[in-house]
Structure formats: structure tokens, C-alpha cells
Amino acid sequence: MLPITPPIMNPLLRFALFASAFSLITIAPASRATEPKWVPTASWPNSPEANKKQGQRTFTILREHNIQAVAVATAGVTLNVDETQATEARKLLAQAIVAENLQIDLIDAQGKIITPAAILGTKNPK
């Protein structure tokens, strides 16, 4: 009478289990939604007054347009948004700086402070 699994099946079965586990581990993370890549978009001084006025208004503007943002604070507050929404966020904040006199600095993709005019494509009057 033959055993239920021939001796050759044990190595093949082990290899099949290993291969399926390996492919599950390597392929599954690629199919998940990716985490946002946060990029700096704006900044302002880290003080209670600035956070209350500038910070709250900044977050309100972005929330109204379904842009998720996070802030990191030390001596100053740096506002970060998802890289895919950074251009739109900068444009919205540039409009608010011009229209509402929002006192924040805009940060471009290279991490440098830029003017609202550079984003909106308008010239500054001299």
C-alpha cells in the first residue's frame, strides 16, 4: 500500500508553500494604497496668536477644498500637504494671502519661500 503522500511530494509541497508565501509578501504591499508623500507648502511663526489667526484660517481653506494637511512645529510651523495636491494648495493659499492679507509664507517644490505673485502669475506693483 502506498503512503498518502509520496516522499517526493514533501519537498514539492514545501516549495509550493514557500513560493506562495513569498509572492504574497512581495506582491501584496504593491497593491495597497500608498501613503501620501508630504511636502512643505507654507509656514508661519509658531505663536498662539499666529496659530489662532493664520493657522486656523489656512486649515479651513484647505479643508473646504478637501485637501488634507498636517503641520509640524518648532520655532515655526510648517504646513505639509500631499505632493499631488501641493500645487492646488499653494494656489488657494496665495489667493488668500492677496484677498485676506493672510500672513503666511508659501514654500515652493524646492523648499524656497515664494511670493503669491509667482504662483498666481501676476506682477507685483513697484
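Glu100 is partly exposed, at 40% relative accessibility; here buried means under 20% relative accessible area, exposed over 50%, and partly exposed in between, with a 1.4 Å probe and protein chains only. The structure is a predicted model, in which local features need pLDDT of at least 70 and side-chain atom pairs count only at pLDDT 80 or more, whereas totals for chains, interfaces and linings use all residues. Residues are numbered from 1 along each chain as its sequence is written, and side-chain values use heavy atoms, with hydrogens and water left out.

Glu100 forms a salt bridge with Arg57, and the closest N and O atoms are 2.7 Å apart. A salt bridge is taken as a side-chain nitrogen of Lys or Arg within 4 Å of a carboxyl oxygen of Asp or Glu. This pair links distant parts of the chain, with Glu100 in helix H3 and Arg57 in helix H2 (residues 48–64), 43 residues apart. Helices (H or I, at least four residues) and strands (E, at least two) are DSSP runs numbered from the N terminus. Arg57 is also partly exposed, its relative accessible area being 27%. Side chains of opposite charge can pair when their charged atoms come close.

By this rule, two salt bridges are counted. Glu83 and Lys37 meet through their side chains in a salt bridge of 3.7 Å, N to O. Glu83 is partly exposed, with 42% relative accessibility.

The protein has four helices and five strands, and from the N terminus on its elements run α-β-α-β-β-α-β-β-α. Of the 126 residues in the protein, 26% are buried. The accessible surface comes to about 9200 Å², of which 61% belongs to carbon and sulfur atoms; accessible areas come from the Shrake-Rupley method with a 1.4 Å probe, and for residues only the protein chains shown count as cover. Among contacts (heavy atoms within 4.5 Å) between residues at least 6 apart in sequence, 57% join residues at least 24 apart.

The five strands form an open sheet in the order S2-S3-S1-S4-S5, with antiparallel pairing. Strand S2 (69–73) and strand S5 (113–114) stand at the edges with a single partner strand each, so one side of each is left without a neighbour in the sheet. Two strands pair if DSSP finds at least two bridges between them. S1 and S3 are joined by seven antiparallel bridges, and Val39 stands opposite Val81 in S3. Ser43 stands opposite Thr78 in S3 and also opposite Asp105 in S4; S1 pairs with S4 in the antiparallel sense over two bridges. Five bridges join the antiparallel strands S2 and S3, with Thr78 in S3 as the bridge partner of Val72, and a hairpin connects S2 to S3 through two residues. S3 is mostly covered, five of its seven residues being buried.

Within H3, the buried residues are Ala86, Ala89, Arg90, Leu92, Leu93, Ala94, Ala96 and Ile97. Their cover includes S1, H2, S3, strand S4 (105–107) and helix H4 (116–120). Asn101 follows H3 and has a positive phi, near 60 degrees.

Ile107 is found in strand S4 and is buried, at 9% relative accessibility. Apart from neighbours within four places in sequence, Ile107 is in contact with Pro40, Thr41, Ala42, Ser43, Thr78, Arg90, Lys112 and Ile114. Ile107 and Asn80 are 27 residues apart in sequence and 9.8 Å apart in space, C-alpha to C-alpha.
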